[in-house]
Amino acid sequence: MTSVEIVVASDADLAEVALTRAEYVHLVDSLGREPNRLELGIVGALWSEHCSYKTSKPLLGTLPTKGPRVLQGPGENAGAIDIGHGLACVFKIESHNHPSAIEPYQGAATGVGGILRDIFTMGARPIALLDSLRFGPLDEPHQRHLFDGVVAGIGGYGNCIGVPTVGGELYFDESYRTNCLVNAMCVGIVEQGKLTRATASGPGNLVLLVGADTGRDGIHGASFASVVLDAGSAARRPAVQVGNPFLEKCLMEACLELAGDPRVVAMQDLGAAGLCGSTAELAHRGGCGIEVDVARASRRETGMTPYEVMLSESQERMLIVAKPEDVRSLQAVFERWDLHSDVVAVILPEQRFVVRDGTDQVCDLPLDLLVDGAPLRGAPGPPPDRPKPAVADAAAAPSWTPDEALLALLGSPNLGSRKGVYRRYDHQVGDATVILPGGDAAMVRVDGTTLGLALATDGNSRYTALDARHGAMIAVCEAARNVVATGAKPAAVTNCLNFANPEHADVWWNLYDAIDGISAACTALDIPVVSGNVSLYNDTGGTGIDPTVVIGMVGVINDVAGRCTAGFRDEGDVVGLVGPVAAELDGSEYQRIAVGVNAGSPPHLDIDLERRVHAFVIEAIEADLLHSAHDCAEGGLAIAIAESCLLGDIGASVEIDELGDAKGLINGAAGILFGESQSRFVISFAREALVRLHELAGRHSVPLRGLGSVGGERVCVTQCIDVSLADVRCAHEGALIERE
């Protein structure tokens, strides 16, 4: 090679590219020489946790990824499932946590841009976005700054590009004070015959770099996402990419125009690790090699070095592989959309990764070593002794009346209305959203068919903090319940696993347990995992987040006209409960707010009962027996009833026998009202349906009881709660309002 600077790496050099000394020694031994600076930067990016999954890869193989609907499982840009009518649904969730912590608007915006590209690079038109957000306590000015910036970034990018943000979730907790979480999910539709893969083939084929010019933004972004944050992390602001949604709109339309076009051999977006990551992965999937000439890449800035061009994570860029004779005609397509399309690489027969700067060869690495050569990391130690669950001090609870407790919970940031968030998103652009944000799952219509897709993101870190495996199982079940509540059948899962520093044994074993829990729940419910993301090192100064498992769920309903919503509907309808009445306060939002702790064990989960409850609700909706269905989750039974009243703008009066004549929150009353027992739905239905519903419940062996009736303008529970619907709405809608 020529024009290279051989590097005998110092500790500072390795820290810059997030490699350990042991990994560097392994690299030198494998190469038989010292790398030059560019090679070290490229290896650092591809061997980063963000790109190599060197900690999680040995664990993720246990997830169930096969199923009759699965067209593409993990390993591509996104997963894909068969939804009928010759169509595929393509979807994935990813994190953009570290960038959002440093620059919330651009961090969130480019997270949206990146997940959109993961979908349309497979030929699918994005039809919906969802998110999952976590921040520290909202009353702290910095957390409000992060929250406002992230919401603005998501809305700004999605609104401009014209893809509706239809749902998501939002939580505030001490755990996220120094590490906010921003997870974004995208869903798209494509004809199955037009599914496009990111697998290069054909030595001599050319590679076009399409879209935005390359700049210096985002350099070391993948490495930055693979280290803990510290007091100097704000100086890494240049590692945060800058988005341009208007340019991405043009790029998306051009790529979709070429979906299924035989001239396109492969298509790959430029995400983490920029040009070096995308070119290496593209070639490696095809079992070939690649030679990149950085001198041919259009640049926003003068004087950029090969190092900067290769590691830049400038947004809105794609790679297209084509035969030489097809290049000019493809470039004409991009020219019509005012997009650059530079021929920057050629496919090689041998599995090498070569970089040139004009006539100078500046990098030559074995491709297998680069993509698959990162030393895998096992457990850093044996499973730590798990302390016995702490017991909440009931005496520490405030002397609330049940009415006061209901309003306090409904007005809390974790249970209150998200209207102030989703009204900043255009959740109806495209005119396909048939169930709007604010209920259990959103639903979008599939154009040209009667099909609907129910979409949800779910996760509860209070549960995973207490028991990572059990909490992960509940996350899967809750996401499934939200989809089931609409009448759709859960079809497949994408997951985002957000954890602290895996070099600590407790974090690694929590990750192990969480993946095992996802696997157990998905296997029991027969729901495959087709894509996902792992975000580790969510840790600042030794303070890490609680284990946070986010599940993105897609369900399919054959006819959107048969959908069900969560709001009570008709005066005189029966209010019913599917599932058990129990009094489990451990891990609940009531316990966190009232007592100020997260203690005990997560709610009991009977996975077989969960499966039967899902089947009952789906069949009842298909038979047109239900007027509403609402998952009973955070805040418990009383909150679920109040939410159904709010969504239907009508009151309800119910009786719960187990409460007896309780006037306060003693002797288990708090647990019955606000405990978060699993496998439950609050439903409403016409009285004439009662007999058929009991017959159906008997056939599925699920508990079903009538609680009361819909009507009036108050929310009443036995003799202990009696609150006007107006007061309930006032508390609920004021939850996220900034107070002086």
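## Cavities

A cavity is here a set of points, on a 1 Å grid over the protein atoms alone, where a 1.4 Å probe fits but cannot get out, and its lining residues have an atom within 4 Å of a point. In this predicted model, local features need pLDDT of at least 70 and side-chain atom pairs count only at pLDDT 80 or more, whereas totals for chains, interfaces and linings use all residues. Residues are numbered from 1 along each chain as its sequence is written, and side-chain values use heavy atoms, with hydrogens and water left out.

The whole structure holds three cavities of 30 Å³ or more. The lining of the largest cavity is formed by Arg134, Tyr171, Phe172, Asp173, Tyr176, Asn414, Asn460, Ser461, Arg462, Glu589 and Arg592, with two or more residues coming from each of β5 (165-172), α17 (461-466) and α20 (589-595).

## Backbone

Although glutamate 316 is not a glycine, its phi is positive, at about 60°; glutamate 316 is buried (under 20% relative accessible area), with a value of 2%. Serine 701, likewise not a glycine, has a positive phi of about 55°, and its relative accessible area of 45% makes serine 701 partly exposed, the class between 20% and 50%.

## Confidence

The protein chain has an average pLDDT of 92, and 94% of the residues score at least 70, on a scale of predictor's confidence in each residue from 0 to 100. Over residues 223-227 the pLDDT is below 50, and residues 233-237 also stay under 50. Where pLDDT is low, the predicted coordinates should not be read in detail.

Key
Buried means under 20% relative accessible area, exposed over 50%, partly exposed in between (1.4 Å probe, protein chains only). Contact means heavy atoms within 4.5 Å. On a 1 Å grid over the protein atoms alone, a cavity is a set of points where a 1.4 Å probe fits but cannot get out, and a pocket is an open set with protein on both sides within 12 Å along at least five of seven lines; lining residues have an atom within 4 Å of a point. Grid points are joined across faces, edges and corners, and a volume is the space filled by probe spheres set on the points. Helices (H or I, at least four residues) and strands (E, at least two) are DSSP runs, numbered from the N terminus.
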